[in-house]
Amino acid sequence: MSDTIRFLLGDQPVEIVDCDPNLTVLEWLRGPGGRCGTKEGCAEGDCGACTVVLAEPDPAGGLAYRSVNSCIQFVGTLDGTQLLTVEDLKQDGALHPVQQAMVEAHASQCGFCTPGFVMSLFKLYRDYDGPLPPSREILDRALGGNLCRCTGYRSILEAATRMFQSPRPDAFDAKRDATLAVLAKLARSSGLAYRDRFFAPTTIAELQALLGKHPAARILSGGTDLGLEVTKAHRSFETIIYLGRVAELAAIARSDSHLTVGAAATWTNATQALVAISPGLDEILARFAGPPIRNAGTVGGNIANASPIGDGPPIFLALDAEIELLGPAGTRRLKLADFFLDYRKTARAAGEIVARLHVPLPKAGALFAAYKVSKRHDDDISAVCGVFALEIADGKIAKVRAAFGGMAAIPKRAAAVEAALLGQVWSLETAKAAGAALEKDFAPIDDMRASAAYRLKVAANLLQRFWFETATQTDVRAVHYA
């Protein structure tokens, strides 16, 4: 294992030999990196002012681009990548089409958020290959992780449309082969061991050895939650094991009976596979977080985090998923419903990580819906997340799973609700009776997002909404949201 963090900053190779492994990419950029274009707005991945783009080789032989929040990314995660900031877009004295469009549309007001918007639009510019101009929905989703406090969205959206009027390819296409050649030289045959504190294994065997040697190490996957412990709680981790370089843990595979999602798969990459087994999931997953968070945050991290307000656990609970845990001695599997024990407490033993999720493919004709209720439509935490799956045979409910987030100390299935539904005719009266059973399953708290009474009322109403939306359909696959 090597002890130097190596990456490209624009076109320039960089080696970091002496920094705290808890240092964030944003802190490095605005300090040793000498790049002050990237701004700190919230230090929690919420506003997008710190957005940068990472480029890495993809399986097709090109470069895959990801916009991420640099304020909550650890500098060790840059190893082997190309880091692009707003300073890199101007090439040979000419503004990039994204920047030129922002100028022409007068899309910068106070300017503080502008670098983040530019980098999110740059990612869209690089990846989008659909009909022109892109739809408003596509543009809204691309900018879902960026906030403008000057309310300049109209002109920014105008710039987003205008940038595609410029001819492509751009200067980054011209430099692609040269960039790939440098990244190939930076690629590792074994993992990174930076100052014996930040480890980035590349194989399962290396990972298991590290887990055995450092059972108390903090496990880093996407960093979208762990980063906040550094930036907001001011914690410092002695030992970090990063999963983002173990390709096997990012793999997504589908068999005749199951979808298997690697724990290190990002939500961006997992969305397509999940939508394929349950069309319409893209809507709730688009609201899961903004693109920079979905591009970094992982499925396994969202599960292992065990947050009672995470949107991933209720979805997978309703899909009847099993979780696979990996430790120094091997793997074990258990029902996801048995994984969550208490607030932020799980069945994961010391030295174990979440490795994969195994999801049975839904049966034809199954009814499925997921609902996210939050104060803000985009990039917000749920007050209540409710996910329901029904199978109906001979006119009655033969199988049922009802899972909720935001209702208890853990995400969990509602046993009393399921009992009230099982064996009944799927009717409005049945949905109302099931909603009344919620008080047996949950005693929600009052907090900044909602009162206990509101949560119980909304959760009950979601069951009725589920009935109204499925009453006349025999094969409901779409996922609806509030």
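Is helix α11 (residues 281-288) mostly covered or mostly open, and how many of its eight residues are buried? The helix is mostly covered, with six of the eight residues buried, where buried stands for under 20% relative accessible area, exposed for over 50% and partly exposed for anything in between (1.4 Å probe, protein chains only). The buried set is made up of L281, I284, L285, A286, R287 and F288. The model is a predicted one, with local features needing pLDDT of at least 70 and side-chain atom pairs counting only at pLDDT 80 or more, while totals for chains, interfaces and linings use all residues. Residues are numbered from 1 along each chain as its sequence is written, and side-chain values use heavy atoms, with hydrogens and water left out. Helices (H or I, at least four residues) and strands (E, at least two) are DSSP runs, numbered from the N terminus.

Helix α11 has a partner in helix α10 (residues 267-277): the two axes come within 9 Å and cross at roughly 165°. Axes here are lines fitted to C-alpha atoms, for helices over the stretch in contact, and angles run from 0 to 180 degrees between N-to-C directions. Helices α10 and α11 are therefore roughly antiparallel to each other; that label goes to angles over 145 degrees, with under 35 counting as roughly parallel, 65 to 115 as roughly perpendicular and the rest as oblique. The crossing of α10 and α11 is right-handed, in the sense that the near helix is turned clockwise from the far one by less than a right angle, anticlockwise being left-handed. On the α10 side the contact (heavy atoms within 4.5 Å) is made by W267, T271, L274 and V275, and on the α11 side by L281, D282, L285 and F288. Of these, L281, L285 and F288 also turn up among the buried residues of α11.

L428, A431, K432, A434 and G435 from α16 meet A460, L463, Q464, W467 and F468 from α18.

Next come the aromatic rings. The structure holds 16 aromatic pairs, counted when ring centres of Phe, Tyr and Trp (its six-membered ring) lie within 6.5 Å, with planes under 30 degrees apart taken as stacked, over 60 as edge-to-face and the rest as tilted. One of the pairs is F7 with W28, which is edge-to-face because the ring centres are 5.5 Å apart and the planes stand at 75°. F7 sits in strand β1 (residues 5-9) and W28 in helix α1 (residues 25-30), so this pair ties together parts that are 21 residues apart in sequence. F7 counts as buried at 0% relative accessibility, and W28 is buried as well, with a relative accessible area of 7%.

The rings of F404 and F442 also pair edge-to-face, with centres 5.5 Å apart and planes at 75°. This pair links distant parts of the chain, 38 residues apart: F404 belongs to strand β19 (residues 396-405), and F442 to the loop between α17 (438-441) and α18 (452-470). F404 is buried at 1% relative accessibility, and F442 is buried at 4%. Ring pairs join F404 and F442 with Y371, F388, W426 and F466 into a cluster.

How far from F442 is the C-alpha atom of G330? The two C-alpha atoms are separated by 36 Å, for residues 112 apart along the chain. G330 lies in strand β13 (residues 330-335) and counts as partly exposed, at 24% relative accessibility. Leaving aside neighbours within four places in sequence, G330 is in contact with Q208 and L325.

A cis peptide bond joins L132 and P133, with omega about -5°, and P133 lies in the loop between α3 (114-127) and α4 (136-142). The bond from R168 to P169 is also cis, with omega near 10°; P169 lies in the loop between α5 (153-162) and α6 (171-174). R168 itself lies over the face of Y125, 5.2 Å from the ring centre, the criterion being NZ of Lys or CZ of Arg within 6 Å of the ring centre and within 35 degrees of the ring normal. H106, not a glycine, has a positive phi of about 50° and is exposed at 65% relative accessibility.
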